[in-house]
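Visitor: I would like to learn how to read the features of a structure such as this one. Could you take me through it step by step?

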Amino acid sequence: MRITYACPACDATVMHDGAEAARTLECPQCKAAVEVPADAVAWVAADGSRGGPGEGRLRLRRCLVCPSTELFARKDFPQRLGVGIVVAGFAASCVTWAWRLLVPTFAILFATALLDVILYLLMPECLTCYRCAARYGGDGVADDVGGFDLETHEKHRQQRARSRELASARPAGRPQ
Ligand SMILES: [Zn+2]
Ligand SMILES: [Zn+2]
């Protein structure tokens, strides 16, 4: 399982392979270590019973970083690539349009849309943490996990905003 997260100390993007076996995750930039919760990773055998480490399928029960239990599955599709394809297709179709080539113009637009859809379908699913946006990729890690839920997302967004407010209010509000 591969984890990609923003280091809580320095905000650098950190990537680790084999995160299911890790006890701590260390940031290569600032060396800050995140302790992995002991119960975060579970293994489920083919018959649904609990397997030993490395047996059966990997299940992530909580985020290794923050450690929220609320995660959602989504396609591991780089948005910039998707937008890039559309922009390139649009630019090419502008050229053919200027040349009054009607059929190639629509063919290009149709092909770019199709390419986007095919790429999207081919991309594997990954798990994302609502709270800290850590991403988890790997074989079957996102199986049996629900997709994005706006209500849960909103709950975490408000919690983040509240804790930021509290953090900024504390030093000024309490004279010693
Ligand atoms: Zn760091
Ligand atoms: Zn998290």
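Guide: Let us begin with a term: two strands are said to pair if DSSP finds at least two bridges between them. The model shown is a predicted one, and in it strand β5 (residues 41–44) and β6 pair in the antiparallel sense over 4 bridges, with V41 standing opposite L60 in β6.

Visitor: In what order do the strands of the open sheet run?

Guide: Strands of a sheet pair through backbone hydrogen bonds, either parallel or antiparallel. Here 5 strands form an open sheet, ordered β2-β1-β9-β8-β7, with antiparallel pairing. Its edge strands, each pairing on one side only, are β2 (13–16) and β7 (71–75), and neighbouring strands of this sheet are turned against each other by 25 degrees on average, direction ignored. Within the sheet, β8 (residues 125–129) and β9 (residues 135–137) pair in the antiparallel sense over 2 bridges, and T128 stands opposite R135 in β9.

Visitor: How many residues does the largest nonpolar core have, and which of them have the most contacts inside it?

Guide: In soluble globular proteins, nonpolar side chains tend to be buried together. The largest nonpolar core of this model has 24 residues, and those with the most contacts inside it are I3, L64, V65, L127, A134, Y136 and V141. The elements giving two or more residues to this core are β1 (2–6), β6 and β8, and the largest share, 3 residues, comes from β8. If neighbours within four places in sequence are left aside, A134 is in contact with I3, T4, Y5, C63, L64, V65 and C129.

Visitor: Is D17 buried or exposed, and why?

Guide: D17 counts as exposed because it has 12 C-beta neighbours inside 10 Å, and a residue is called exposed at 12 or fewer. D17 is found in the loop between β2 and β3 (24–26), and although D17 and R2 are 15 residues apart along the chain, their C-alpha atoms are separated by 4.3 Å.

Visitor: Into which domains is the protein divided?

Guide: The division gives domain 1, made of 2–76 + 124–173, and domain 2, made of 79–121. Taken over C-alpha atoms, the centres of domain 1 and domain 2 are separated by 36 Å.

Note on methods:
Residues are numbered from 1 along each chain as its sequence is written. Chains are lettered from A and ligands numbered from 1 in the order in which they are written. This is a predicted model: local features need pLDDT of at least 70, side-chain atom pairs count only at pLDDT 80 or more; totals for chains, interfaces and linings use all residues. Axes are lines fitted to C-alpha atoms, for helices over the stretch in contact, and angles run from 0 to 180 degrees between N-to-C directions. Domain bounds come from an automatic or database domain assignment. A residue is buried if 20 or more other C-beta atoms lie within 10 Å of its own, exposed if 12 or fewer, and partly exposed in between; C-beta atoms are placed from the backbone. A nonpolar core is a set of buried Ala, Val, Leu, Ile, Met, Phe, Trp, Tyr and Cys residues joined through C-beta atoms within 7 Å. Two residues are in contact if their C-beta atoms, placed from the backbone, lie within 7 Å.
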